[in-house]
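My notes follow, in the order I made them.

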Amino acid sequence: MRAITIPEPGGPDALVWSEVPDPEPGPGEVVVDVRASAVNRADLLQRQGHYPPPAGAPAYPGLECSGVISATAPDVTEWRVGQEVCALLAGGGYAERVAVPAGQLLPVPAGVDLVDAAALPEVACTVWSNVVRLAGLSAGETLLVHGGGSGIGTFAVQLGVALGATVVVTARSAKHGRLRELGAAHPVDYREQDFVAEVRRVTDGRGADVILDIMGASYLGRNVSALATGGRLVIIGMQGGRKGELDIGALLAKRGTVAATALRSRPLAEKAAIVQGVRAQVWPLVESGTIRPIVDRRLPMTEAAQAHRLVETNDHVGKVLLTVG
Ligand SMILES: NC(=O)c1ccc[n+]([C@@H]2O[C@H](COP(=O)([O-])OP(=O)(O)OC[C@H]3O[C@@H](n4cnc5c(N)ncnc54)[C@H](OP(=O)(O)O)[C@@H]3O)[C@@H](O)[C@H]2O)c1
């Protein structure tokens, strides 16, 4: 088969479409013939040599895919050859084929195109596991989503709205119209507005009950300031740096919680539990059309370098897909 390899870490042109050995299904695995994968921020770091795949994961980038099952290990009984699926991966989605632990497979939701289904697994699993399972967002609460126009952000906005929360987002103003369409009540241009003041203004001074943060260090202090009493801050990205200063007094006064998680390095059993939760709680919302995959554009896998250039500009809204075949 062919896959995107990274012979030398570097810029987008480090991505090379190459002949590589075909994957075989190990115990508990299936092989998926990939129809599409999607670019995630982490792929850019992996390409630059800063985010190696976890032990045992395929060397090629790609944290999710959609496609058709072409082989199953003898111990896999719940999936069969020919089924259309999408999957959460620890790597290897930028390829014609990938071996996937069966616990990380999801059916393509009814009403969703097979290619577009590649936009869902990583964002659905990340957002649901953090915003619902960890932070316990509930109806009537306020959710602040940083980077509302990102793949993660566009999904978090839709899930927050579906759960009955009021959603505040930070994003460049060019993306505000799209975010309002998705249900965001209050888009904030973080370059021109103080998001802490805006969150306080739209919550009558209460603050956000849950914050999904992708910036890390540069937003830590302001995020704590923006929390409501009993608020939960969940950090999933470090785009603004990894070392920040936490005012414990401010957090304590609010009886607040700060958590940080990564999905890719979790043990298989934890990923399978998250995938099961997503299938039970999120897939019905996708099948009813309440949540849609937000696809900025599709590019052929052979143009992965161009896709990475595009994502680096941050001009996209939602996901950039890479198609195979
Ligand atoms: N921990 C985990 O398990 C996990 C899993 C998946 C993703 N993530 C993280 O989640 C983040 C989003 O991933 P993605 O692939 O969806 O990203 P993406 O589509 O590449 O989007 C990145 C976003 O960052 C926004 N941004 C840049 N500077 C900002 C600032 N100062 N304030 C607010 N937003 C800002 C950009 O929006 P503007 O154009 O509006 O600036 C852009 O939409 C990444 O940091 C990624 O590493 C973590």
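**Starting with a helix pair**

I began with Glu 198 and Arg 201, which sit three residues apart in helix α5 (residues 195–202), so about one helical turn separates them. Their side chains form a salt bridge, and I get 2.9 Å between the closest N and O atoms. Which of the two is buried, and which is exposed? Glu 198 is the buried one, with a relative accessible area of 17%, and Arg 201 is exposed at 55%. A reminder to myself: this is a predicted model.

**Other salt bridges**

I wanted the total next, and the structure holds 16 salt bridges. One of them joins the side chains of Arg 2 and Glu 96, at 2.8 Å from N to O. I noted Arg 2 as partly exposed, because its relative accessibility is 34%.

Then I looked up Glu 64, which forms a salt bridge with Lys 319, the closest N and O atoms being 2.7 Å apart. Glu 64 belongs to strand β4 (residues 64–72) and Lys 319 to strand β15, so this pair ties together parts that are 255 residues apart in sequence. Are these two buried or exposed? Glu 64 is buried at 0% relative accessible area, and Lys 319 counts as buried too, at 3%.

I also found a network of salt bridges that links Asp 22, Asp 33 and Arg 97.

**Pro 121**

Glu 64 turned up again when I checked Pro 121. Leaving aside neighbours within four places in sequence, Pro 121 is in contact with Glu 64, Cys 65, Cys 86, Ala 87 and Leu 88. Pro 121 lies in helix α2 (residues 121–134). I put Pro 121 down as buried, because its relative accessibility is 0%. I also took its C-alpha to C-alpha separation from Gly 10: 27 Å in space, for 111 residues in sequence.

**The two domains**

According to the domain assignment, domain 1 is 2–120 + 288–323 and domain 2 is 124–260. The contact takes 14 residues from domain 1 and 15 residues from domain 2. I have their C-alpha centres 28 Å apart.

How much area is buried between domain 1 and domain 2? The figure is about 1200 Å², and carbon and sulfur atoms give 59% of that. On the domain 1 side, I see that Ile 291, Ile 294 and Val 317 supply 40% of the area buried against domain 2, more than any other three residues. I also searched across the interface of domain 1 and domain 2 for salt bridges, and the rule finds one.

**Helix α10 and what follows**

Which residues of helix α10 (residues 304–313) are buried? My list has Ala 304, Ala 305, Ala 307, His 308, Leu 310 and Val 311. These buried residues pack against β1 (2–5), α1 (41–47), β14 (295–300) and β15 (319–323).

Asn 314 counts as partly exposed, since its relative accessible area is 28%.

I followed β15 to Thr 323, which has its place in that strand. Thr 323 counts as buried, because its relative accessibility is 16%. Not counting residues up to four places away in sequence, Thr 323 touches Arg 35, Ala 36, Val 115, Arg 298, Leu 299, Pro 300 and Met 301.

**Around α7**

Arg 255 also has a positive phi, near 50 degrees. Arg 255 lies in the loop between α7 and β13 (257–260), and I have it as exposed, because its relative accessible area is 60%.

Last entry: a nonpolar surface patch of about 360 Å², made by Leu 246, Ile 248, Leu 252 and Val 258. Of these I looked up Leu 252, which lies in helix α7 (residues 248–253). Leu 252 counts as exposed, because its relative accessibility is 62%.

How values were computed
Residues are numbered from 1 along each chain as its sequence is written. This is a predicted model: local features need pLDDT of at least 70, side-chain atom pairs count only at pLDDT 80 or more; totals for chains, interfaces and linings use all residues. Side-chain values use heavy atoms; hydrogens and water are left out. Buried means under 20% relative accessible area, exposed over 50%, partly exposed in between (1.4 Å probe, protein chains only). Helices (H or I, at least four residues) and strands (E, at least two) are DSSP runs, numbered from the N terminus. Contact means heavy atoms within 4.5 Å. Patches are made of residues with over 30% relative accessible area and no salt bridge: like charges are joined within 9 Å, nonpolar side chains (Val, Leu, Ile, Met, Phe, Trp, Tyr) within 5 Å. Accessible areas come from the Shrake-Rupley method with a 1.4 Å probe; for residues, only the protein chains shown count as cover. A salt bridge is a side-chain nitrogen of Lys or Arg within 4 Å of a carboxyl oxygen of Asp or Glu. Domain bounds come from an automatic or database domain assignment. Buried area is the accessible area (1.4 Å probe) that two parts lose on being put together, summed over both.
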